[in-house]
Amino acid sequence: MALRHAVLAALLDGEYSGYQLAKAFDVGVANFWHALPQQLYAELSKLEQDGLVAGRQVVQETRPNKRLFQVTDAGLAELERFASATAKATFIRDDLLVKVQAVDRVDAGPVIEQLEERAAVADAKTELFGKLLLRLRGPVDEEEFLRSGERIGPYLTCLRGLAFERDNRDWCLRTADVLRKRCEPRNSPS
C-alpha cells in the first residue's frame, strides 16, 4: 500500500485541510499507517497534481488562508482499483522483538522496562480507540451500528487497532512478567 491510498481513504469522510488530515491520521489511520504531517502535505500535493484530489483555497479573515481537499472521481476510481488488488501479507518489524529475541544473552532489566513502557502506551491507545469507537457509532449499540451504520470502514479499522493494542499490551506485560521471574534469584535447595 502506498501513502496515497491511506490519504484517499482518510479523505472519504469529507473535505479536509492538511492540518485536519494530519489530525485524522493521528486518531484513526495511524493504527494501520503512520505518516508525518510533512509527508501528508507532500502527498496531498502529488494527489492534486495527479487529479486524484481537488483542492480549493478558503480565505480566512483572522487566520492564514487554508486549502481544503476532497477526493475526485479519479481518486475514487484509484481506490476502487486498489481495493480490488490482492493485499500483501503483513509482517512485523519491531526492534523490541529483536531485543526480546536476544534477552538470554543481554541484561533483561532494560528490556523489561521497555516492555512495560510499550504496555503503557498500548493501554493509552486502547483507551483512545474505545473513545473513538463510541464517537463513531454515537448512541447506537455496536451490533446495530455494524448492521446499519452509514460508514463502517473507519469503525472496522478502529476495531482492528483496538484488538492489536490490547494484544500488544497483554503480550508485553506477560513477557515482562516471565523475564522478571526468570531474573529473580532462585531459592537454593535445603
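Visitor: Which residues does Leu 11 touch, not counting residues up to four places away in sequence?

Guide: Contact here means heavy atoms within 4.5 Å. By that rule, Leu 11 touches Tyr 16, Leu 21, Leu 44, Val 53, Phe 69 and Val 71. Before going on, some ground rules: this is a predicted model, where local features need pLDDT of at least 70 and side-chain atom pairs count only at pLDDT 80 or more, while totals for chains, interfaces and linings use all residues. Residues are numbered from 1 along each chain as its sequence is written, and side-chain values use heavy atoms, with hydrogens and water left out.

Visitor: How many residues does the largest nonpolar core have?

Guide: A nonpolar core is a set of buried Ala, Val, Leu, Ile, Met, Phe, Trp, Tyr and Cys residues joined through side-chain atoms within 4.5 Å. Buried means under 20% relative accessible area, exposed means over 50%, and partly exposed is in between, using a 1.4 Å probe and protein chains only. The largest core has 20 residues, and those with the most contacts inside it are Val 7, Leu 8, Leu 11, Leu 21, Phe 25 and Leu 40. At least two of its residues come from each of H1, H2, H3 and S3, and H1 gives the largest share, five residues. A second, separate core has eleven residues, including Val 103, Val 111, Ala 119 and Cys 172.

Visitor: What do the labels H and S stand for?

Guide: They are DSSP runs numbered from the N terminus: helices (H or I, at least four residues) and strands (E, at least two).

Visitor: At what angle do H1 and H3 pack?

Guide: Two packed helices are described by the angle between their axes and the distance between the axes. Axes are lines fitted to C-alpha atoms, for helices over the stretch in contact, and angles run from 0 to 180 degrees between N-to-C directions. Helix H1 (residues 3–10) packs against helix H3 (residues 37–49) at about 85°, with the axes 10 Å apart. H1 and H3 are therefore roughly perpendicular; angles of 65 to 115 degrees get that label, under 35 is roughly parallel, over 145 roughly antiparallel, and the rest oblique. On the H1 side you'll find Leu 3, Arg 4, Val 7 and Leu 8, meeting Gln 39, Leu 40, Glu 43, Leu 44 and Leu 47 in H3.

Visitor: How many residues of H1 are buried?

Guide: Seven of its eight, so H1 is mostly covered. Among them are His 5, Ala 6 and Ala 10.

Visitor: In what order do the strands of the sheet stand?

Guide: Strands of a sheet pair through backbone hydrogen bonds, either parallel or antiparallel. Two strands count as paired if DSSP finds at least two bridges between them. Here three strands form an open sheet in the order S1-S3-S2, with antiparallel pairing. Strands S1 (16–17) and S2 (53–58) are at the edges with a single partner strand each, so one side of each has no neighbour in the sheet. S2 pairs with S3 (residues 66–71) over six bridges; Val 58 has Lys 66 as its bridge partner, and Gly 55 has Phe 69. Two bridges join S1 to S3, with Ser 17 opposite Leu 68. H3 lies across S2 and S3, at about 110° to S2.

Visitor: Is Asp 26 buried or exposed?

Guide: Asp 26, in helix H2 (residues 18–27), counts as exposed at 60% relative accessibility. By contrast, Glu 116 in helix H6 (residues 108–137) counts as partly exposed at 34%. Glu 116 touches Ala 176 and Arg 180, not counting residues up to four places away in sequence.
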